[in-house]
Amino acid sequence: MIAVTLRRLAVGLAAMVLLAACSPSVSPTPTGTPTERPSPTETAAGSTARDATPLPSVAPTATPSGCQAGNRVPAGAQQTFTTIPDAGHGVALTLDMGGRLDPGIDILNLLIANQVCVTIFPTGAMAQTAEGQGVMALVKAHPELFEIGNHTMHHCDLVLGGGGSPTTAPCAGVTPPADFIRTELADAGSILARLSGQQPVPYWRPPYGSVNQAVRDAAASAGYTKTFMWDIDTIDWKPIGDGGPTAEQIASKVVRNAQDGSIVLMHLGGYETLDALRIMVPELRDRGFLLTSLSDLLN
């Protein structure tokens with residue numbers, strides 16, 4: 001009996017060894033290791049962004065972003081804003097796009113990486129350039145952060161005539177009539193809507209800040225009843241070599257002068273704007289400001 005029992009045990013053990021040998025080997029996936037490595041933030045042209053490094057961490061008391069771009073107000077009556085009254089403890093960072101665009105995509109990638117909400121005023125002409133289309137593609141991909149206003153088609157001075165970018169041809173001559181102003185806004189609006197996925201109406205900003213009541217009336221007749229000026233001008237369009245401000249001076253000016261409902265004027269082609277944003281964003285948040293869209297402040 002003992003011999004029989006031992007023989008049965010030996011057979012059973014051999015079967016178990018054979019089964020183990022035939023089973024497929026499975027290596028456990030380490031905890032927290034993704035099956036696919038996420039790709040870095042890319043520009044619309046497919047190149048990896050150079051300047052999307054997150055900004056320094058802010059104090060625990062700083063207000064988070066939490067903005068909602070694109071919730072624009074109805075056209076309603078004509079209004080011109082240099083600040084947004086009764087806006088709460090918020091500041092609107094705004095970026096014009098009417099000329100030089102070299103750092104534009106890097107600026108937007110920085111804002112995306114740090115969840116900073118802004119309002120952008122492009123011209124139709126610059127939106128159609130290769131780099132402008134890259135900017136518009138990022139705007140379209142992030143409607144939760146970026147909203148669009150109209151900066152006209154050719155960046156003409158609508159009060160005095162002249163000006164213009166990248167060409168001065170349509171702007172030469174006498175004071176632009178109402179029909180010219182309406183066409184400048186309508187042509188740009190169609191381009192901006194197609195490239196960004198947003199209708200810019202009723203937000204607009206006059207080139208050079210050159211505006212009077214006749215210009216506002218013409219813009220309103222094209223649906224653009226909300227004219228946005230500013231209370232803090234960074235003068236970031238001027239290079240340091242020509243007497244323009246450094247990044248530290250831009251950031252200091254904005255942080256020192258910001259108040260509830262401030263509208264800050266910057267440019268996607270600003271020479272020191274990218275580095276200035278790296279400084280001012282955490283400092284404004286340290287002061288408890290919500291960095292948000294014009295729409296959020298108006299709402």
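Contact here means heavy atoms within 4.5 Å. Helices (H or I, at least four residues) and strands (E, at least two) are DSSP runs, numbered from the N terminus. The model is predicted: local features need pLDDT of at least 70, side-chain atom pairs count only at pLDDT 80 or more, and totals for chains, interfaces and linings use all residues. Residues are numbered from 1 along each chain as its sequence is written, and side-chain values use heavy atoms, with hydrogens and water left out.

**View 1. Helix α7 meets helix α8.**
A247, E248, I250, A251, V254 and V255 in α7 touch D275, A276, I279, M280, E283 and L284 in α8. By class, this contact holds 9 nonpolar, no polar and 3 charged residues. (Ala, Val, Leu, Ile, Met, Phe, Trp, Tyr, Cys and Pro count as nonpolar, Asp, Glu, Lys and Arg as charged, and the others, Gly among them, as polar.) Helix α7 covers residues 247–257, and its axis comes within 8 Å of the axis of α8, crossing at roughly 30 degrees. That makes α7 roughly parallel to α8. (Angles under 35 degrees count as roughly parallel, over 145 as roughly antiparallel, 65 to 115 as roughly perpendicular and the rest as oblique. Axes are lines fitted to C-alpha atoms, for helices over the stretch in contact, and angles run from 0 to 180 degrees between N-to-C directions.) The crossing of α7 and α8 is right-handed. (Right-handed means the near helix is turned clockwise from the far one by less than a right angle; left-handed means anticlockwise.)

**View 2. L284 in helix α8.**
L284 sits in α8, which spans residues 273–286. With 0% relative accessibility, L284 counts as buried. (Buried means under 20% relative accessible area, exposed over 50%, partly exposed in between, with a 1.4 Å probe and protein chains only.) Leaving out residues up to four places away in sequence, L284 touches L93, V254, V255, A258, F289 and L291. V91 is 193 residues from L284 in sequence, yet their C-alpha atoms are 8.7 Å apart in space.

**View 3. Helix α5 packs against helix α6.**
The axes of α5 and α6 (residues 213–221) lie 9 Å apart, at an angle of about 50 degrees. The two helices are therefore oblique to each other. Their crossing is right-handed. A178, I181, R182 and L185 in α5 meet V215, A218, A219 and S221 in α6. This contact has 6 nonpolar, 1 polar and 1 charged residues.

**View 4. S165 in a loop.**
S165 is in the loop between β4 (146–148) and α5 (178–196). Its relative accessibility is 14%, so S165 counts as buried. The S165 side chain reaches the backbone oxygen of G98 at 2.7 Å. (A polar contact is a pair of N or O atoms within 3.5 Å; within protein, one must be able to donate a hydrogen and the other to accept it, and residues adjacent in sequence count only if both atoms are side-chain atoms.) Beyond four places in sequence, S165 touches G98, G99, A125, M126, H154 and H155.

**View 5. R72 and its partners.**
R72 lies in the loop between α1 (2–22) and β1 (79–81). A polar atom of the R72 side chain is 3.0 Å from the backbone oxygen of I148. Neighbours within four places aside, the contacts of R72 include E147, I148, Q198, Y203 and S295. R72 and E147 are 75 residues apart in sequence, with C-alpha atoms 8.7 Å apart.

**View 6. The whole protein.**
The protein has 9 helices and 9 strands. Of its 299 residues, 47% count as buried.
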